[in-house]
Structure formats: structure tokens, C-alpha cells
Amino acid sequence: MDELEFCIKGMSYPLGMLLEGSERRHGEFVRVTRNCITLPKVPFAALCYLTGIALYDSLDLVDKKRLQNDYRALELFRRKMLGSKLGDALAPYMESPGRHISPGERLAIDWLEFEARREKVEPYLERIVELEKTTGSRDALLKETGFLGELSPDQGLLLVYIAEDEKLRGLINAALGKNNPQFREAVIRYFKALQG
């Protein structure tokens with residue numbers, strides 16, 4: 001999993017699944033097809049946003065409706081990035097995404113695969129929810145979540161994605177960062193890419 005896939009799965013795990021195994025090519029516009037994604041030379045944060053929008057646009061109406069909250073996550077990412085110190089450099093891409101995206105093929109999310117993966121990480125979510133109820137503090141919870149070291153970075157992103165509550169997502173991210181070296185390394189690579 002590269003930094004782009006990590007970024008997309010951090011906002012929308014199902015959209016990120018569409019990038020798995022895709023060949024990356026350089027081109028003038030972001031364009032997604034079944035086995036390939038064309039990527040322009042633009043700042044990484046803009047590339048994340050444009051790729052997310054291109055993937056979302058490639059979906060049928062049923063999947064778009066199912067992923068409405070994920071689209072909101074893409075827009076929240078856009079607002080955060082535009083409000084950051086990188087905002088001026090990102091504005092030409094993030095304020096007019098249509099100028100940087102070329103229509104590709106219709107893509108479909110493999111929901112059966114998504115559910116199979118979800119079933120594997122749900123027990124971890126249940127354990128964390130239980131620990132949140134029984135431990136007295138955030139520090140105590142973080143000490144008790146060593147079992148998250150068993151997860152791959154991909155499974156960690158899915159675990160965060162399926163957590164409904166924003167506070168719980170923050171706790172899971174902190175626990176993964178503390179107890180999962182592979183996840184921590186992936187986060188560091190992602191943030192370095194964001195900073196250019």
C-alpha cells in the first residue's frame with residue numbers, strides 16, 4: 001500500500017479498495033480505470049483529493065448514495081488542506097477539481113470483499129469499545145490495546161473507518177500509533193508525503 005492508497009483509505013476505505021493493485025501512470029489528468037490510474041504531477045495533498053473525487057465520480061448512483069459520508073470526508077480534507085500553510089499551493093487544484101480529472105470507466109466496489117474484511121476487524125472494535133467502558137482514562141485504554149499490534153496497516157485503516165464515533169476514531173488512531181509499529185511507519189510516510 002502506497003501513500004496515496006493510505007490517504008484515500010483514511011477518508012474512505014471502500015474507495016481506497018478501488019486502488020488496490022492498480023497500475024500507476026503519469027499523465028496530465030487524474031483518470032481511473034479498472035486496472036490503472038493516471039496521475040498528474042501535482043502536490044500530494046491535491047493528488048489525494050483529486051483521486052478521491054475521481055474514484056467517487058466513477059461509481060454508480062447506488063454506491064454514491066451509500067458513500068455520502070465518505071464524500072463529506074473528502075470535502076473536510078479539502079477544507080483542512082486549503083486552510084493549512086499549503087493552502088495557496090493547493091488552491092488551483094482543490095478549488096477546481098474538474099479541470100484536473102478526466103472521466104474514466106465506471107467502477108464498482110466489491111461489497112462482499114469489504115464485508116469479509118470488516119468481519120475480521122470487528123472483534124477488535126468490540127474489544128476497544130469494551131475497554132473504553134471499563135478503563136478509567138485514555139492512558140489506561142492505550143496501555144490495554146497492545147492487541148492492535150496484530151493488525152496490518154490496511155486492517156488498521158479499516159478499523160478506524162468502521163468506528164462510527166469521531167472520538168472513538170481518535171482513540172483507535174492513537175492506540176494504533178502506540179501499539180502498531182507498521183501502522184505508525186505508514187502514518188509517518190503519509191505525513192511526509194503531505195508536506196512535500
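**Exercise 1. Find aspartate 110 and decide whether it is buried, partly exposed or exposed.**

Step 1: Aspartate 110 sits in the loop between helix 6 and helix 7. Helices here are DSSP runs of H or I with at least four residues, strands are E runs of at least two, and both are numbered from the N terminus. This is a predicted model, where local features need pLDDT of at least 70 and side-chain atom pairs count only at pLDDT 80 or more, while totals for chains, interfaces and linings use all residues. Residues are numbered from 1 along each chain as its sequence is written, and side-chain values use heavy atoms, leaving out hydrogens and water.

Step 2: Now get the cut-offs: buried means under 20% relative accessible area, exposed means over 50%, and partly exposed is in between (1.4 Å probe, protein chains only). Aspartate 110 has a relative accessible area of 44%, so it is partly exposed.

Step 3: Look at what its side chain does. The side chain of aspartate 110 reaches the backbone nitrogen of glutamate 113 at 3.0 Å.

Step 4: Finally, check a distance. Aspartate 110 and alanine 89 are 21 residues apart along the chain, and their C-alpha atoms are separated by 35 Å.

**Exercise 2. Work out which residues glutamate 75 is in contact with, leaving aside neighbours within four places in sequence.**

Step 1: Start with helix 5 (residues 68–82), where glutamate 75 has its place.

Step 2: Glutamate 75 has a relative accessible area of 13%, which means that it is buried.

Step 3: Contact means heavy atoms within 4.5 Å. With those sequence neighbours set aside, glutamate 75 is in contact with Tyr49 and Ile53.

**Exercise 3. How many residues of helix 9 are buried, and what covers them?**

Step 1: Count them: 9 of the 10 residues of helix 9 are buried, so the helix is mostly covered.

Step 2: Name some. Among them are Pro153, Asp154, Leu157 and Tyr161.

Step 3: Look around. The cover over these buried residues includes helix 1, helix 2 (13–17), helix 5, helix 7, helix 10 and helix 11.

**Exercise 4. Zoom out and describe the whole chain.**

Step 1: Count the elements: the chain has 11 helices and 3 strands. Reading along the sequence gives α-α-β-β-β-α-α-α-α-α-α-α-α-α.

Step 2: Box it in. Along the principal axes, the C-alpha atoms fill roughly 50 × 40 × 25 Å.

Step 3: Check burial. Of the 196 residues, 48% count as buried.

Step 4: Now the contacts. Taking those between residues at least 6 apart in sequence, 65% join residues at least 24 apart.

How values were computed:
A polar contact is a pair of N or O atoms within 3.5 Å; within protein, one must be able to donate a hydrogen and the other to accept it, and residues adjacent in sequence count only if both atoms are side-chain atoms.
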